[in-house]
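Hi,

Here is the structure I promised to pass on.

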Amino acid sequence: MEFKRFLINKLILFFMLTTLITVAVVLTGSAFDPEARFGYKEMLIPIEYAALCMLPTLVTWSKRELSAKAMLLRKAVMLVLIEGVILLIAFTSSVIDTSRIEVVLAIAGSVFVIFVLANLFVWLKDAAEAKKLNRELEAFQKHHA
Amino acid sequence: MNVRIEQVGNEHDELVLIRCRAVTDEVREIESFVKSRAGSLTGTSDAKQYEIAVTDICYIESVDGKTFLYTGDGVYETAYRIYELEELLKAKHFLRISKPMLVNLMKIRSIQPAFNGRFTAVLHSGEKVIISRNYVKQLKAALKGE
């Protein structure tokens, strides 16, 4: 894959992650610390987290076409790295109460759910494209039969 | 080698005749080219030569420098390189879908999303081949007749 296309895909993923992280912060925050109030500075947290999550996604870069198995393996490595990055931030943060195991589990669970959703959205986009290709293929075969 | 073209009327069959002193590799190459233009390719399987109709070929793959023709019921090795076949079979609805593979668009049953932006072509023979992300643009253009 061209590196330029790889970067464009990562940019799309970045905005997707920013949205999903915002939703995850709202849901987990409402459940564990509903009284918390944030300032303008904290509004940047989802963007910062999304940017940090982008770094581990570089492990999926390859100049040659990866097999499905190899890509699956790299995605698994990527998930472990993202979990590591987010938990490291959580444990070093003064705002997040990591002494509560349910908070740590909720953060790790949110990362996993966001990871699955982000991949699901990409797959749905590809499925829609495949549907269009099938319509065009059918027309092509009818025309050349 | 001299080349002579003679026009014939509808009452005669079209024929390409090669008059040579010895059947060399070069002559075989010309024979193979003429046959491919006529709609068939020469392939070998179990040390036997076969004439395979281009319309019967599902896909063509290059493996370790060798090129193989896959029909619904057999695999045949051909002397052609994948890039030569790509050029030769362009008008016969064959399209490059990954670096080592050409597929017959008329033999695709459906296209499914594969992992990470790639697609899988399910052939009428039941086989599945991967359409590389780098060739999806060409596939779209070919299906639109561009």
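Predicted model: local features only at pLDDT ≥ 70, side-chain atom pairs only at ≥ 80, totals over all residues.

Residues are numbered from 1 along each chain as its sequence is written, chains are lettered from A and ligands numbered from 1 in the order written, and side-chain values use heavy atoms, leaving out hydrogens and water.

Where the chains touch, 23 residues of chain A are in contact with 25 of chain B (contact means heavy atoms within 4.5 Å). Together they bury about 2,300 Å², 60% of it from carbon and sulfur atoms (that is accessible area, 1.4 Å probe, lost when two parts are put together, summed over both). On chain A's side, A:Glu65, A:Leu133 and A:Phe140 supply 26% of the buried area, more than any other three residues.

There is one salt bridge between the chains (a side-chain nitrogen of Lys or Arg within 4 Å of a carboxyl oxygen of Asp or Glu). A:Glu129 and B:Lys140 form it, at 2.5 Å from N to O.

As for chain B, it has three helices and 10 strands (DSSP runs: H or I of at least four residues for helices, E of at least two for strands, numbered from the N terminus). Its C-alpha atoms fill a box of roughly 55 × 35 × 25 Å along the principal axes.

Cheers
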